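Subject: A structure for you to look through

Dear colleague,

I am handing over the structure below, and after it you will find my notes on what was found. Please keep the structure open while you read.

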Amino acid sequence: MTFASFAEFEVYLDSLGLFSMQLGLGRMQEAMRLMGLERRSATVAHVVGTNGKGSTSGFLEALARAHGLATGLYNSPHLVSVRERIRVRGSMVSEAGWLQAANAVMDRCAGVGLTYFELLTVMALFIFAREGLDLIVLEAGLGGTHDATCAISADLAVMTPVGLDHEHVLGPTLADIAHDKSGALGRCPAVTGEQDACVTDIFRQAGAGRPLWSLEDCRTAGGFLIPAGEAPMLLTSASLSGHPPYQLRNAALATLAWSRLALAGGWQFDAALCTQVLAVTRFSGRFCRHGRILVDGAHNPMGLTALCEALEAAGEHFNVLVFQAMRDKTLDQVILKRLRALADTVVIPALTLERAWDARELAGRFGHGARAVRDLQTALQGEGAILLCGSLYLVGAYYELFPEQLL
């Protein structure tokens, strides 16, 4: 199969189904064998967890690139263009580069039956292999045992906080989810963010025999003291002026990961440079203020709680809460009540996704003062401050309306 244009490839990719899923690593392993991607020269950091994967991956890649490394970053989901998922040296790959990768993979792997995410993962590896990179940062899509990114051998596993999400796939309890994500451990050293006690126990058992550094051991009264040779690095909220409080944990975990990678690779670790890079690194849809609108991709109980805590602590209040969610996400009524208290009114726009809640039904979950509208553009009409959150697909719909605001 050969694609004549990037647009033609996008049509094929969409036909695979954005949300299609087939557990197991067999297809990935076969595709990597056919593509000659089983061996790689670059160091690989594998980022797994529930919340903060995108920010932690982005911070880590930015730290490495600032220290002079040639980097590759693979993350998901994208907000507007699928090209957002693969970056080389900090930049998206051109459409021509994507087309070349797609044709190369489909030429050899058309019969493997790769899913949407698997195909993109193999394409990313193909692109990275051609670039002569020093460090590749791979963000897991879902879980840590059967996720396509687990087919790639890693040099460091980075475990972000684990919480309830994708329970229909990974299991109904926190322990079930932690067990699945722990599949990324045991094959290489690892660093972990702050975790529930049961998650930490599961991670330590799964990673037995390999070093496991915990961010909890770095906590101080004012932030985190990251070990880095003879001069540990102190990271506090003051170091991240302009970031929401929850980003301190993601930035600290990324810095801890970079300190371990730098030590193992013989790379420089410049604390002052790290502080500078973390302060200026931003991510679209993560607590982004666009005039009167605050956009945040919080979409599960852990993320929404962190968002509420940040806004409550700052005493912020909005005229309108624009909210949507996927039906397979847990909607805790306590969290909905906290979100409702942050705004005078609630507006629920309809989204053209089968997974999304029916706007009227979801408005009913918020009770008095909530209303459904036909689309996001309608929801954003009027004056006053707006908080937009609840789903990354809602965030993506926002940036489709205002692509010039993408970072």
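How many bridges join strand 13 to strand 16, and do these strands run parallel or antiparallel? Strand 13 (residues 318-323) and strand 16 (residues 386-389) run parallel and are joined by 4 bridges, and V320 stands opposite I386 in strand 16.

Before going further, please note that this is a predicted model, in which local features need pLDDT of at least 70 and side-chain atom pairs count only at pLDDT 80 or more, while totals for chains, interfaces and linings use all residues. Residues are numbered from 1 along each chain as its sequence is written, and side-chain values use heavy atoms, with hydrogens and water left out. Helices (H or I, at least four residues) and strands (E, at least two) are DSSP runs, numbered from the N terminus.

In it, strand 2 (residues 71-74) and strand 3 (residues 86-88) run antiparallel and are joined by 3 bridges, with R87 in strand 3 as the bridge partner of L73.

Helices in contact

The axes of helix 1 (residues 6-15) and helix 5 come within 9 Å and cross at roughly 135°, and these two helices are therefore oblique to each other (angles under 35 degrees count as roughly parallel, over 145 as roughly antiparallel, 65 to 115 as roughly perpendicular and the rest as oblique). Their contact is made by F9, Y12, L13 and D14 of helix 1 together with Y116, L119, L120 and M123 of helix 5.

The axes of helix 2 (residues 26-35) and helix 4 (residues 95-109) also come within 9 Å, but cross at roughly 105°, and they are therefore roughly perpendicular to each other.

The core and a cysteine

The largest nonpolar core has 62 residues, of which F9, W98, L120, M123 and F128 touch the most other members; such a core is a set of buried Ala, Val, Leu, Ile, Met, Phe, Trp, Tyr and Cys residues joined through side-chain atoms within 4.5 Å. Its largest share, 11 residues, comes from helix 5 (residues 116-130).

C188 lies in the loop between helix 7 (174-181) and strand 7 (190-192), and at 3% relative accessibility C188 counts as buried (under 20% relative accessible area, with exposed over 50% and partly exposed in between, for a 1.4 Å probe and protein chains only). C188 and A154 are 34 residues apart in sequence and 6.5 Å apart in space, C-alpha to C-alpha.

How values were computed
Axes fitted to C-alpha atoms, helices over the stretch in contact; angles between N-to-C directions. Pairing = 2+ DSSP bridges. Contact = heavy atoms within 4.5 Å.
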